[in-house]
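Hi,

Here is the structure I promised to pass on. Have a look at it first, and then read my notes below.

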Amino acid sequence: VSAWPDGTPHAPRMPWGDGGRSWAVDSPPEQVVAIFQAILGTAPVGIGVVDTQLRFVVVNDHLAAMHDTSVDGHLGRRPGEVSSDLGTQVEPLFQRVLDDEEPLVDVELDRSTSSGDARVWRASYFPVRLDGAVIGVGTIVVDVSEARHALAQEQTARAAAEVAGDRAQRLHGLAGHLAGAVTPAEVGAVAVHRFAAAEADRATLVRHAADGLVPVDEHNVDPSYRSWIRTVDLRRSTWAAPVLDGKPVWVPDRQAFEADHPGSQMAASDPVSAAWCLLPLVSPRGIVGVLALHWDEPQPFDDAQRAFLRVASELIGSALARAATHEELQRAHDRLRAAYDQRDRVARTLRAGLAPRALHLSPPLESEAVLRLGSADQVGGDFYDGVRTGDGSWLVAVGDVCGKGAEAAALTALVRYTVRAAAMSTADHESILRTVNRALLDEDTGLFCALTLLGFIPQAGRTDLVVTLAGQHEARLCRPGCGVELVGTFGSLLGVSHDLTLQPARAVLEAGAVVVAFTDGLVERSRTFDEEQVDRELAELARRSTGLRPGQLVDDVVRAGFARPADHSDDICVLAVGHRAAG
Amino acid sequence: MSTSSGPLELRGEIDLAAAEDLREHVVARAAVVGPRVEVDLRAVEFIDSTGLEALLAAQEQLRPSGSTVVLTHVPASVRRTLTLTRLHDHLAVE
């Protein structure tokens, strides 16, 4: 503590406000001085007083240290004489208080120390009065740098947290929308229009295909840029190639980019963007695409922004890969469906060719046949045929080749034409069936055939009937007014063994009688329509009739058979041949 | 199809769709149970000629090794099919 220029000690007469003045006046001077000196010496604030000439008359150690000058270096000097920046910053404030005689409170001063550290002071200035007259200006200065720094850090952290929270929300929204995107186009629309359009000024998403980049979607892109992205070979681009290795490419400032890459086609195609980035869209299978984002303003691409965009690109990459897989599966399904359709068309064409349109038996024989195909992939299956044999009789075959596919179809044709060929030289059923059996075994396909041969030998007023079974049900001989008789002895399935058991059965087809043969598809797999049901249907019809017609019986059996709940995946063949009643 | 160490038990409908699997199972069974491969048909609702042919093909495949396929607990409907195709001439039925 010094003294006023006239030598008067200042401390006992310092202003303390009205209460302080009273206290100071009433207290012994040495006590007041002691208290004041204690405050000056120990308070963690800078305290000083200038006189009306703005010369420091009181300076504590703290303020001196803040000014990087000793106490003695202050006393009797103006602030500008202590340091030039003090003169610039502080002297006007002292002068203002001196002039206005009003305090200035909480003035913040930006300072820098001699070591270059930035500091912030909060200072208050107040007039010092003696007997009502202003004799100087006091100041109290607090270094609030740490508090200010902490506040700034808090504000930065809060802002970063808000940005992070906002980005987390956007990623959450992106993930939600991507979850609903099924096709690559839908993924592209979500990525570009729901995400990228909100992040950048322009955006393009391209898929990485075997033959290059395929644009999927875009936002606000100029035609010249669109043309560039369609034709660019990123592997040949010195700056963009890393994206194909899964590394993001960040171009925060166009000017720096153009300096490093003069003549860049990308820059020429997009004269507007000031910054851009290429984000690889990565899946476990590799690069599935690239998302390009462009901004009108330079971008900092700080760690947080890069991490955010990386996570977004990973979400989009996964969704795009999933969609691509879905698309591949869909294409495979379509190809499979087309193949099935084609196969079905071929199968039906083959099957249609395997069955004659009608059996053209000569009168008095008449016939009716129905061949219903089961599932379309069961190429092969049931068939029927009729041929005149060398002795003038008629041979009718009803068969069922097991298996499916073209091989079975070929086998059906083999059986049918083997029967025809054999029948040209013999009417003997056993001989014909053994020929067919040999043909099947020679083919060595592992497929086999159930076959019924019906021989019709015209006689006067009747037809002699020969029935030979090879793995088939008995034929049903229906006589008007009588009922149904089973005709046939079970014989060996053809194509299984050279050792055959075959036994022709004979009967007479009288005028008005009809013989019915069918394949196992009619009665198998049904719990409500079996052979007994067939026989009941036929017997009922026969008993009520005086002259049966083949068409009538076939219709009745087929109608009854198909009225039942059953699996109709197997073929059904029902054939009837009758000797027309006279008149 | 049951895969225990006892008889091979077939269930449900045995048709063309199941025939190839059936043959493979029967042949594989021989390696586990020895020369007598028992196929229990009591739970079979339906078997068509392709199913029986699969059993026959397994029988033919096992014949060189001395194994035999034996059909047991054959339902009437299956027995009917065995009869009308005369496959009972080629398969052992108990």
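Let's start with a term: a residue is buried if its relative accessible area is under 20%, exposed if over 50%, and partly exposed in between (1.4 Å probe, protein chains only).

Some housekeeping before the rest. This is a predicted model, where local features need pLDDT of at least 70 and side-chain atom pairs count only at pLDDT 80 or more, while totals for chains, interfaces and linings use all residues. Residues are numbered from 1 along each chain as its sequence is written, chains are lettered from A and ligands numbered from 1 in the order in which they are written, and side-chain values use heavy atoms, with hydrogens and water left out.

Chain A has 16 helices and 20 strands; helices (H or I, at least four residues) and strands (E, at least two) are DSSP runs, numbered from the N terminus. One of those helices, α10 (residues 254-260), holds A:Glu258. Is A:Glu258 buried, exposed or partly exposed? It counts as partly exposed, because its relative accessibility is 33%.

Now for where the chains meet. Contact means heavy atoms within 4.5 Å, and 19 residues of chain B are in contact with 22 residues of chain A. The area buried between the two chains is about 1700 Å², and carbon and sulfur atoms give 57% of it. (Buried area is the accessible area, with a 1.4 Å probe, that two parts lose on being put together, summed over both.) Of what chain B buries against chain A, 32% is supplied by B:Arg80, B:Leu84 and B:Arg86, more than any other three residues.

How many salt bridges are there between chain B and chain A? The count is 1, with the side chains of B:Arg80 and A:Glu474 meeting at 3.3 Å, N to O. For a salt bridge, a side-chain nitrogen of Lys or Arg must be within 4 Å of a carboxyl oxygen of Asp or Glu.

Last, the insides. A nonpolar core is a set of buried Ala, Val, Leu, Ile, Met, Phe, Trp, Tyr and Cys residues joined through side-chain atoms within 4.5 Å. The largest one has 53 residues, and A:Val415, A:Val419, A:Leu451, B:Val26, B:Leu55 and B:Leu71 have the most contacts inside it. Setting aside neighbours within four places in sequence, B:Leu55 is in contact with residues including B:Leu22, B:Val39 and B:Leu91. A second, separate core has 31 residues, A:Phe195 and A:Leu279 among them.

Cheers
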